[in-house]
Amino acid sequence: MNIHEYQAKELLAKFGIGIPTGYAAMSVEEAVAGANKLPGPLYVVKSQIHAGGRGKGKFVELGPDAKGGVRLAKSIADVEADAKDMLGNTLVTIQTGAAGKQVNRLYVTDGVDIAKEFYLSMLVDRASSKIAMIVSTEGGMDIETVAHDTPELITTITIDPATGFMPHHGRAVAFALKLSGDLAKQAQKLSSQLYTAFTTLDCDMLEINPLVETKDGNLLVLDTKMSFDSNALYRHPDVEAMRDETEEDPMEVEASKYDLAYIKLDGDIGCMVNGAGLAMATMDIIKLNGSFPANFLDVGGGATKEKVTAAFKIILSDPAVKGILVNIFGGIMRCDTIAEGIVAAAREVDLDVPLVVRLEGTNVQKGKDILANSGLPIVSANDLGDAARKIVAEVKQAA
Ligand code: ADP
Ligand code: MG
């Protein structure tokens with residue numbers, strides 16, 4: 001789960017981490033009220049969307065010459081004008097995709113006199129089973145270019161969660177950022193606080209870009225992105241309360257209500273599968289046959305008829321779906337239950353795309369009979385390869 005910048009900063013501040021003062025705003029009036037509480041004379045008005053690259057982003061409605069989604073404002077009147085410009089409009093950045101994201105929230109914050117911009121991020125590194133802290137002296141809006149062209153300017157420090165954050169990790173961070181004296185001490189303290197925040201909150205990613213050295217010699221977090229391990233959210237109701245469903249894919253939100261693991265993808269074959277491994281294999285074999293999956297969907301081991309119906313409706317609500325492949329191994333779940341769910345769902349919605357079903361396991365014959373006797377144009381398949389070939393052929397034929 002992702003949260004907004006202002007929410008992430010609120011969380012970091014609780015760990016004693018330095019952030020510029022700022023206020024979230026849902027309206028122009030709130031933005032002005034927030035600015036009035038700040039000392040000035042420099043303010044920053046920041047679009048709050050779950051995507052980075054806002055500074056260089058463009059508003060669809062304002063044309064290519066308008067300023068981006070992060071703006072320096074020199075007066076309260078400027079804050080007001082910027083807030084009017086941004087709220088309700090669609091911001092396109094390198095991370096939003098071409099459709100962009102509507103800006104519904106702003107963050108009005110203190111303008112900071114920046115001496116230098118750094119980069120610092122943390123993530124769970126599955127390869128080493130450790131936490132990686134990635135730092136660079138080249139922070140700011142072009143970190144992707146730095147990573148691509150000059151990867152030697154990026155340093156990775158790995159921290160073993162079994163022993164935790166040690167003073168030498170902090171010294172390594174300060175060294176990689178080429179800091180000395182008091183700034184090095186600040187970097188050591190900050191990286192330790194960030195590690196505590198990261199592990200305490202069950203983050204899977206925390207990125208600070210830029211981390212800045214101010215002209216008066218302080219390290220401050222100017223921008224941050226945080227995402228959390230959804231499986232650990234039950235331990236953090238305060239974080240869960242920060243969820244902004246308007247930023248999420250509506251189909252993924254719907255799927256989470258039914259406890260379905262659903263991820264929207266770019267292809268045109270909808271998949272309904274039980275078990276993550278089988279779902280991955282199904283996506284692979286669709287690709288092997290020359291098409292692309294429209295989604296990953298794991299209905300889980302003990303899915304009910306209701307769950308299958310919901311899953312089916314979610315897949316069908318995606319206009320990109322040109323065909324559906326159901327691939328179920330009935331171990332815990334019985335094939336006849338699945339078949340009943342499919343038939344019920346197909347009746348409820350207007351099934352106007354080809355549907356190939358491969359069932360295997362407990363009560364497979366019963367399940368196949370239910371499908372065959374349903375009067376619906378369902379194509380039955382005998383194994384995974386057969387199923388993939390059939391659905392790809394059906395979709396190509398219909399196109
Ligand atoms: P994004 O990464 O989405 O473009 P940032 O919050 O990093 O958004 O803002 C982009 C740039 O704007 C930063 O690299 C920084 O130079 C500048 N900036 C952001 N916040 C402030 C601030 N409070 N004071 C001064 N400059 C800022
Ligand atoms: Mg940034």
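Some ground rules come first. Residues are numbered from 1 along each chain as its sequence is written, while chains are lettered from A and ligands numbered from 1 in the order in which they are written. In this predicted model, local features need pLDDT of at least 70, side-chain atom pairs count only at pLDDT 80 or more, and totals for chains, interfaces and linings use all residues, with side-chain values based on heavy atoms and with hydrogens and water left out.

The protein splits into domain 1 (21-110), domain 2 (114-240) and domain 3 (250-398), with bounds that come from an automatic or database domain assignment. Between the C-alpha centres of domain 1 and domain 3 there are 42 Å.

Now for ligand 1. There are 18 residues around ligand 1, and K46, R54, G55, D110 and E117 come nearest; a residue counts as near if one of its heavy atoms lies within 4 Å of the molecule. Domain 1 and domain 2 each give at least three residues to this shell. Strands β2 (43-48), β4 (70-73), β8 (114-125) and β11 (203-214) each supply at least two, where strands are DSSP runs (E, at least two residues) and helices are too (H or I, at least four), numbered from the N terminus. By type, the shell holds 8 nonpolar, 5 polar and 5 charged residues. Here Ala, Val, Leu, Ile, Met, Phe, Trp, Tyr, Cys and Pro count as nonpolar, Asp, Glu, Lys and Arg as charged, and the others, Gly among them, as polar.

Oxygen atoms of ligand 1 also pair up with protein atoms. A polar side-chain atom of R54 sits 2.8 Å from one, an N or O atom in the D223 side chain is 2.9 Å from one, and a backbone N or O atom of N209 is 3.2 Å from one. On its own, ligand 1 exposes 540 Å², and the protein buries 89% of that (Shrake-Rupley method, 1.4 Å probe).

Most residues other than glycine have a negative phi, and most peptide bonds are trans. Yet G40 and P41 are joined by a cis peptide bond with omega of about 0°, and P41 falls in the loop between α2 (28-37) and β2. Another cis bond runs from N209 to P210, with omega near 10°; P210 belongs to strand β11. Finally, D202, which is not a glycine, has a positive phi near 55° and sits in the loop between α6 (181-200) and β11.

Key. Polar contact = N/O pair within 3.5 Å; in protein donor to acceptor, adjacent residues only side chain to side chain.
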